[in-house]
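Thanks for asking me to look this one over. Here are my notes, written as numbered points so that you can follow them with the model open.

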Amino acid sequence: MDCIFCKIISGELPCYKVYENESVFVFLDIGPVSPGHTLFVPRRHATNLNEGSAEEAVELMKAVYMLAPAIIKAVGASGYNLGMNHGLAAGQDVMHTHLHLMPRVDGVARTFVKTNPTQEELAEVAMKIRNLLLR
Ligand code: 5GP
Ligand code: ZN
């Protein structure tokens with residue numbers, strides 16, 4: 001199947017992985033709106049939440065619950081936005097269900113403008129998150 005996220009999950013395309021389990025694959029967004037912008041993706045391909053199972057939706061949110069503290073700590077944020085775009089009308093670009101976690105720092109404008117960090121910057125953020133998860 002010609003799906004970018006399926007290819008990332010299978011290892012065919014590279015990513016800055018943060019975490020994975022049987023149900024969920026978690027990696028940094030390549031065009032973050034804030035440092036630490038992370039994508040939570042069900043392993044099994046489905047276009048949107050309702051094409052997957054309720055269990056997969058629960059597992060997705062469980063992963064957010066578990067990882068959010070480490071993600072925001074790693075980038076010095078104190079809050080975060082969660083977002084899911086379902087369908088073209090909502091601005092969904094990648095047609096494989098995903099949830100955006102966007103860390104937010106006190107006093108920094110909350111924009112949804114994509115940035116273009118270097119590979120090194122992305123690698124460092126992913127490493128910091130993974131290290132915090134190991135503790
Ligand atoms: P959507 O608009 O579908 O909710 O968001 C898709 C997100 O996937 C965008 O924020 C975009 O930056 C991200 N994205 C698109 N292609 C890739 C990719 O190849 N690798 C990673 N890590 N993120 C991607
Ligand atoms: Zn897919």
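Which backbone oxygen lies 2.8 Å from a polar atom of the side chain of serine 34?

1. The backbone oxygen belongs to proline 103. I count this as a polar contact (a pair of N or O atoms within 3.5 Å; within protein, one must be able to donate a hydrogen and the other to accept it, and residues adjacent in sequence count only if both atoms are side-chain atoms). Serine 34 sits in the loop between strand S2 (24–28) and S3; helices (H or I, at least four residues) and strands (E, at least two) are DSSP runs, numbered from the N terminus. With a relative accessibility of 8%, serine 34 counts as buried (buried is under 20% relative accessible area, exposed over 50%, partly exposed in between, using a 1.4 Å probe and protein chains only).

2. A word on the ground rules. This is a predicted model, in which local features need pLDDT of at least 70 and side-chain atom pairs count only at pLDDT 80 or more, while totals for chains, interfaces and linings use all residues. Residues are numbered from 1 along each chain as its sequence is written, chains are lettered from A and ligands numbered from 1 in the order in which they are written, and side-chain values use heavy atoms, leaving out hydrogens and water.

3. Now to the metal. The zinc ion (ligand 2) is held by Cys3 (SG), Cys6 (SG), His45 (ND1) and His96 (ND1), at 2.0 to 2.3 Å. Donors here are N, O and S atoms within 2.8 Å of the metal (3.2 Å for Na, K and Ca); water is not among the atoms, so sites may look incomplete. The angles among the 4 donor atoms run from 104 to 117°, and the site is tetrahedral (four donors with all angles between 85 and 135 degrees). For reference, the ideal angle for four tetrahedral donors is 109.5 degrees.

4. Along the chain, the zinc donors follow the spacing C-x2-C-x38-H-x50-H. Cysteine 6 belongs to helix H1 (residues 4–10) and histidine 45 to the loop between strand S3 (38–42) and helix H2 (54–74), so this pair ties together parts 39 residues apart in sequence. Histidine 45 is partly exposed, at 26% relative accessibility. Arginine 44 is found in the loop between S3 and H2 and counts as partly exposed at 48%.

5. How many disulfides does the structure hold? The number is 0, taking a disulfide as a pair of cysteine sulfur atoms within 2.5 Å. For cysteine 15, the nearest cysteine sulfur is that of cysteine 3, 13 Å away. Cysteine 15 is partly exposed, at 27% relative accessibility.

6. An oxygen atom of ligand 1 is 2.8 Å from a side-chain N or O atom of histidine 100. Backbone atoms take part too: an oxygen atom of ligand 1 lies 2.9 Å from a backbone N or O atom of valine 94, and a nitrogen atom lies 3.3 Å from a polar backbone atom of isoleucine 30. The protein covers 85% of the 520 Å² of accessible area that ligand 1 has on its own (Shrake-Rupley method, 1.4 Å probe).

7. Lastly, helix H3 (residues 119–134) contains valine 125, which is buried at 17% relative accessibility. The C-alpha atoms of valine 125 and isoleucine 71 are 8.7 Å apart, with 54 residues separating the two along the chain.

Notes
Four donors count as tetrahedral if all angles lie between 85 and 135 degrees; four count as square planar and six as octahedral if opposite donors are over 155 degrees apart and all others between 65 and 115; anything else is irregular.
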